Structures are given as structure tokens and as C-alpha cells.
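Subject: Structure handover

Hello,

Here is the structure you are taking over. Please open it first, then read the notes below.

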Amino acid sequence: MGDLRAAARQSTARTGIIEFEGARGTVSIPCTIADVSGTGARLKLDWSLAFPKEATLIFADGLRKACRVAWQKRRLLGVAFADGVASADEQALMMTEEEQALHRRHIGAQLKGAREARGYTEAQIADLVGVSPEFISGAERGEVSIPLHQLTHMADLFLVDLDSLVAGPASIDLPPVHYLSGAAAGD
């Protein structure tokens with residue numbers, strides 16, 4: 001069976017703090033940020049304890065990200081960033097350049113898979129989104145970062161949710177949608 005995590009994460013092994021409101025005030029627990037993506041992280045804790053549904057992940061450099069706890073298995077905790085995809089500046093603090101490049105390539109592969117599954121050409125998507133076909137090509141190869149408003153627009157065009165586009169499994173397998181442009185329905 002394939003990878004069950006919702007996000008394509010990159011290994012980091014950095015230290016951080018997970019913070020939440022407990023019965024007696026704010027609880028701060030050291031953790032290892034085992035891997036991270038633009039949409040969430042997997043944390044390793046020193047001991048098992050139950051967590052509330054929401055917490056704040058504090059990176060070593062002070063970056064704070066509100067999180068929703070997606071899953072917990074003993075000392076491992078999966079969190080999704082509550083505000084969606086982290087900004088480029090936040091990702092630069094969370095991931096190395098190499099990790100960011102891997103994440104861009106993953107998103108690019110997702111874009112290409114969704115575009116092809118829906119039967120669009122790069123030129124058609126470029127026209128609909130208002131960018132050049134070269135931009136779409138570079139984005140699909142992971143060479144350029146795509147602004148969130150353009151990713152959202154593309155997700156809408158491909159009839160997929162944004163999370164599956166940026167953090168889904170390695171490929172999006174959708175049945176093609178055939179659009180009629182003056183052709184007979186039996187084509």
C-alpha cells in the first residue's frame with residue numbers, strides 16, 4: 001500500500017516545541033521535527049501523552065505555526081498547519097533550499113498529473129490562469145514556486161481540492177473530463 005501520510009514531507013530532524021493550553025495553563029513540550037512540508041509536519045516526542053486537537057509548533061528560530069493534530073501514534077504526532085500552505089518566507093525558515101526544491105517538484109508532479117487527467121494542455125492552463133506556458137512548464141518541473149492564488153485557481157480548474165494538489169499522494173488519478181466545444185457528444 002502507498003504512503004498513508006497526506007503530505008509529501010522532507011526529513012529535517014530539527015528541534016522544536018509543541019505548545020498547547022492545558023488545565024493549568026500553557027504546556028510546552030520539546031519535540032523533534034522529524035519531517036516537514038509546506039502544509040504540516042511529523043513530530044517525535046520524548047514520551048507518549050494525549051494532545052488536544054489544536055496546538056502551536058514553535059521552530060528553533062522562533063517561527064510559530066498554529067496546527068491541527070491530524071493523528072497520533074504513541075510518540076509520533078502528525079500536524080497540519082491550520083492556516084493552510086505556509087508562505088514562501090515561512091517555508092524558507094522551516095526547510096532547507098534542497099527540501100524546498102523537493103517540495104516544488106512534488107507539487108509540480110501533482111499539477112502535471114491533475115492537468116493531464118483533466119485533458120488540459122499547458123497552454124490552455126496558462127491562458128486560464130493568466131501566466132505563460134513556460135511558467136506552467138517550469139512549475140510542473142518544480143523549477144518555480146507558484147503563488148497560492150494561482151494554485152487555488154488551478155485546483156478549481158482541475159476539480160481537486162488544494163490539499164490534494166500540494167500535499168496529496170505522489171500522483172492524482174482522476175478520470176478525464178471531456179469538454180464539448182462544438183463537437184458532437186459521440187466523439
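Read along the sequence, the chain runs β-β-β-β-β-β-α-α-α-α-α-α. That makes six helices and six strands. Please keep in mind that this is a predicted model. The chain has 187 residues, and 42% of them are buried. Take the contacts in the chain with a separation of 6 or more: residues 24 or more positions apart account for 54% of them.

**The cores**

The largest nonpolar core has 22 residues. Leu 43 and Leu 57 have the most contacts inside it. Which elements give two or more residues to this core? They are β1 (10-22), β2 (25-36), β3 (40-45), β4 (54-59), β5 (64-73) and β6 (76-81). β2 gives the most, with four residues. In soluble globular proteins, nonpolar side chains tend to be buried together.

Leave aside its neighbours within four places in sequence, and its contacts include Ile 17, Ile 18, Cys 31, Ile 33 and Leu 43. Arg 64 and Lys 65 are also among the residues in contact with Leu 57.

Start with α3, residues 122-129. Its buried residues are Ile 125, Ala 126 and Val 129. Seen down the axis of α3, they fall within an arc of 100°, so they line one face of the helix. An α-helix has 3.6 residues a turn, so residues three or four places apart point the same way.

Now α5, residues 148-158. Here the buried residues are Gln 150, Leu 151, Met 154, Ala 155, Leu 157 and Phe 158. They fall within an arc of 160° seen down the axis of α5, so they too line one face of the helix. The face of α5 turned away from that buried side carries the exposed residues His 149 and Asp 156. Just after α5, Leu 159 takes a positive phi of about 60°.

**Gly 130 and Glu 140**

Gly 130 sits in the loop between α3 and α4. Just after α3, Gly 130 takes a positive phi of about 90°. Is Gly 130 buried or exposed? Gly 130 has a relative accessible area of 64%, so it counts as exposed. Its C-alpha atom is separated by 8.9 Å from that of Gln 150, 20 residues apart along the chain.

Glu 140 belongs to helix α4, residues 133-140. Its relative accessibility is 10%, so Glu 140 counts as buried. What is Glu 140 in contact with, leaving aside its neighbours within four places in sequence? The residues are Gly 108, Ala 109, Leu 111, Lys 112, Arg 115 and Glu 122.

**The largest pocket**

About 300 Å³ of space lies in the largest pocket. It is lined by 17 residues. The closest to its centre are Gln 91, Arg 104, Ile 107, Ser 145 and Ile 146. The lining divides into eleven nonpolar residues, five polar and one charged. α1 (88-94), α2 (97-117) and α5 (148-158) each supply at least two residues of that lining. α2 gives the most, with four residues.

Best wishes

Notes:
Residues numbered from 1 in each chain as written. Predicted model: local features only at pLDDT ≥ 70, side-chain atom pairs only at ≥ 80, totals over all residues. Heavy atoms only, no water. 1 Å grid on protein atoms, 1.4 Å probe; cavity = no way out; pocket = protein on both sides within 12 Å on 5 of 7 lines; lining within 4 Å. Points joined across faces, edges and corners; volume = space filled by probe spheres on them. Nonpolar A, V, L, I, M, F, W, Y, C, P; charged D, E, K, R; others polar. Buried < 20%, exposed > 50% of the residue type's maximum accessible area, 1.4 Å probe, protein only. Arc of directions from axis to C-beta. Core = buried A, V, L, I, M, F, W, Y, C linked by side-chain atoms within 4.5 Å. Contact = heavy atoms within 4.5 Å.
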